[in-house]
Amino acid sequence: IDLQRPSGWAYTNGGLKGVVILNTGTGNPNFKAFDRACPNYDCTSPMIFDGSLKLTCPCDNSIYSIIDGSPQTSGNKYFAREYKVTEIGNALIITNY
């Protein structure tokens, strides 16, 4: 239900530590999906998405953009792992590129 509105988001199973899906409300596709595994640290906890435009790693507080996965913390060079989202009717298919 939350994914039906622009800026709505949800967690789902899959990936390494789960996946966060965001309805961007613009573009094609209208959805972005990122793995919740921290790209710079072997963290046992998944990254947290709080509804803003960032993912935060709870182990080292590094921040990543939910728009393109780019690191927002100085010194980090790895992007968050993005998945391809295909919308077919009312279903979302999330796959590796």
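Me: Strands count as a pair once DSSP finds at least two bridges between them. What makes β1 and β2 a pair?

Reply: This is a predicted model. In it, four bridges join β1 to β2, and the sense is antiparallel. The cut-off is at least two bridges, so the two strands pair.

Me: What lies between β1 and β2 in their hairpin?

Reply: Six residues separate the strands. Gly14 sits in that turn and has a positive phi of about 120°.

Me: How do you know that β2 and β3 pair?

Reply: Residues 19-23 make up β2, and residues 31-35 make up β3. Five bridges connect them in the antiparallel sense. At least two are needed, so this counts as pairing. Val20 faces Phe34 of β3. Leu22 faces Lys32 of β3.

Me: And what makes β3 and β7 a pair?

Reply: Two bridges, again antiparallel. The rule asks for at least two, so β3 and β7 pair. Phe34 has Glu82 as its bridge partner in β7.

Me: How many bridges join β7 to β8?

Reply: Five, with the strands running antiparallel. That meets the cut-off of at least two, so they pair. Ile88 stands across from Ala91 in β8. The hairpin leaves two residues between the strands, and Gly89 takes a positive phi near 60°.

Me: Which sheet do these strands build?

Reply: An open sheet of five strands, ordered β1-β2-β3-β7-β8, with antiparallel pairing.

Me: What makes β1 and β8 edge strands?

Reply: β1 (9-12) and β8 (91-95) each pair on one side only. From one strand to the next, the twist averages 25°.

Me: Which strands make the three-strand sheet?

Reply: β4, β5 and β6, in that order. The sheet is open and its pairing antiparallel. β4 (48-49) and β6 (63-65) are its edge strands, each with pairing on one side only.

Me: How do you know that β4 and β5 pair?

Reply: Two bridges link β4 to β5 (residues 54-56), antiparallel. At least two are required, so the pair qualifies. Ile48 stands opposite Thr56 in β5.

Me: Why is the contact of Lys32 and Glu82 called a salt bridge?

Reply: Their side chains meet at 3.3 Å, N to O. The limit is within 4 Å, from a side-chain nitrogen of Lys or Arg to a carboxyl oxygen of Asp or Glu, so the contact counts. Side chains of opposite charge can pair when their charged atoms come close.

Me: How many salt bridges does the rule give?

Reply: One. This pair links distant parts of the chain: Lys32 lies in β3 and Glu82 in β7 (residues 82-88), 50 residues apart.

Me: Are Lys32 and Glu82 buried or partly exposed?

Reply: Lys32 has a relative accessible area of 22%. Glu82 also has 22%. Buried means under 20%, and exposed means over 50%. Lys32 falls in between, so it is partly exposed. Glu82 falls in between too, so it is partly exposed.

Me: What makes β2 a mostly covered strand?

Reply: Five of its five residues are buried. Each is therefore under 20% relative accessible area.

Me: Which residues cover the two faces of β2?

Reply: Val19, Ile21 and Asn23 lie on one side, and Val20 and Leu22 on the other. All are buried, so both faces count as covered.

How values were computed:
Residues numbered from 1 in each chain as written. Predicted model: local features only at pLDDT ≥ 70, side-chain atom pairs only at ≥ 80, totals over all residues. Heavy atoms only, no water. Axes fitted to C-alpha atoms, helices over the stretch in contact; angles between N-to-C directions. Buried < 20%, exposed > 50% of the residue type's maximum accessible area, 1.4 Å probe, protein only.
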